[in-house]
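Here's a quick tour for anyone meeting this protein for the first time. Have a look at the sequence and the model, then read on.

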Amino acid sequence: MTATTSAATDTPTPAPASASVPTGPEARPPRRRGLARLPFSAWHLLLAPLALVFAVPLVWLVLSSLMSDAEINRFPPALWPSGIDLGGYRYVLGNAMFPRWFANSLIVSGVAVASNLLFGALGGYAFARMRFAGSRLLMGLMLATMAIPFQLTMVPTFLVMKRLGLIDTLGALIVPSLVTPFAVFLLRQFFLSLPRELEEAAWMDGCSRLRVLFLIVLPMSRPALSTVAVLTFLTTWNDLTWPLIAINHDTQYTLQLGLTTFQGQHHTKWAAVMAGNVITVLPVLLAFLVAQKSFIQSITSTGLKG
């Protein structure tokens, strides 16, 4: 009886270290056989088909530019060229005015991009960091102009350009695009997301606001600047309505306006139209591909603050 009591009251002997809970690969639960790990994100299974759908018009444009006019006008339409026909490209590149139209588009788009970056940065920084009387009212009025359709402003814009003597010149295409409310608003929103500490330290060292803007703020705002540059270039490069109103002489045509001359009342050179559109789309695609990473970064980091 005494032995039994003493055995019951003895403390249990701790388990040896080797008997502890196993750790390592043998302790992990077995993987389920039905859930194989994909080498890419599962979202790609949805995005890849959507990307193909959006790429179909561009692929069709390229294939049509390699067809002849007879093959393009055939019914039912051909989805694949029977042979490579470069007649449309030869017609476009052989046109004596095509290089001039391309240069005009580059000049107008380049000046519009540079001016929007400069004036948009100045205006956006003023609205983001400076508090002055009526700043919120001015910001609201500026944003309200984004809701006004171009059809309501093209007649007053034409009269202003006529008073300035810029009609039928590239200046009539450049001046209305020197700065846009979208550029000011986007840069202002991005500036609000930047920390003030670096700017305040520069002010303590005696830097002016302009030096702070150009030496500190703008180098940190490359994603937003890239976004403004790409969208401004895209809008100006593809604009047809305003050049059609403001330009009359073919030496001042932009590329989009010059391509309309390939379409006649009774006959249209569709191969040349398709080839010209391919050449027109290439600069836009290259600009977006170069600034794609900065563009996405700007969209994700620019919120609705302030």
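## Helix against helix

Helices α4 and α15 pack with their axes 8 Å apart, at an angle of about 70°. They're therefore roughly perpendicular to each other, the label for angles of 65 to 115 degrees (under 35 is roughly parallel, over 145 roughly antiparallel, and the rest oblique). Axes here are lines fitted to C-alpha atoms, for helices over the stretch in contact, with angles running from 0 to 180 degrees between N-to-C directions. On the α4 side the contact is made by G88, Y89, Y91, V92 and L93, and on the α15 side by A271, A272, A275, G276, V278 and I279; contact means heavy atoms within 4.5 Å.

Some ground rules: this is a predicted model, where local features need pLDDT of at least 70 and side-chain atom pairs count only at pLDDT 80 or more, while totals for chains, interfaces and linings use all residues. Residues are numbered from 1 along each chain as its sequence is written, and side-chain values use heavy atoms, with hydrogens and water left out.

**The big picture**

- The secondary structure comes to 16 helices and zero strands. Both are DSSP runs numbered from the N terminus (helices are H or I, at least four residues; strands are E, at least two).
- Of the protein's 306 residues, 33% count as buried. Buried is under 20% relative accessible area, exposed is over 50%, and partly exposed is in between (1.4 Å probe, protein chains only).
- Among the contacts with a separation of 6 or more, 75% come from residues 24 or more positions apart.

**How confident is the model?**

- The average pLDDT is 81, and 82% of the residues score at least 70. That score is the predictor's confidence in each residue, from 0 to 100.

**Nonpolar cores**

- The largest nonpolar core has 35 residues, and the members touching the most others are Y89, V92, F98, W101, L173 and F262. Such a core is a set of buried Ala, Val, Leu, Ile, Met, Phe, Trp, Tyr and Cys residues joined through side-chain atoms within 4.5 Å.
- Several helices supply at least two residues each, including α4 (87-94), α5 (98-129), α12 (222-237) and α15 (270-290). The biggest giver is α15, with eight residues.
- A second, separate core holds 18 residues, A183, A202, L213 and V217 among them.
- Leaving out residues up to four places away in sequence, W101 touches N95, D250, Y253, T254, L255, G258, T261 and F262.

**Another crossing: α5 and α11**

- α5 packs with helix α11 (residues 209-220) at an angle of about 105°, with the axes 11 Å apart. That makes α5 roughly perpendicular to α11.
- From α5, L118, A121, L122, Y125 and R129 meet R209, L210, V212, L213, F214, V217 and L218 of α11.

**Aromatic pairs**

- The count comes to six aromatic pairs. Rings of Phe, Tyr and Trp (its six-membered ring) pair if their centres lie within 6.5 Å; planes under 30 degrees apart are stacked, over 60 edge-to-face, and the rest tilted.
- F127 and F132 form a tilted pair, 6.2 Å centre to centre with 45° between the planes. F127 is buried at 15% relative accessible area, while F132 is partly exposed at 34%.
- F150 and W242 pair edge-to-face, at 6.1 Å centre to centre and 85° between the planes. F150 sits in helix α7 (residues 150-163) and W242 in helix α13, so the pair ties together parts that are 92 residues apart in sequence. F150 is partly exposed at 33% relative accessibility, and W242 is buried at 5%.
- F102, F233 and W237 make up one aromatic cluster.

- T280 lies in helix α15 and is buried, with a relative accessible area of 2%. Not counting residues up to four places away in sequence, T280 touches W237, L255, Q256 and L259.
- A291 lies in the loop between α15 and α16 (292-301), and counts as buried at 10% relative accessibility. Beyond its neighbours within four places in sequence, A291 is in contact with S226 and V230.
- A291 and L225 are 66 residues apart in sequence, and their C-alpha atoms are 9.8 Å apart in space.
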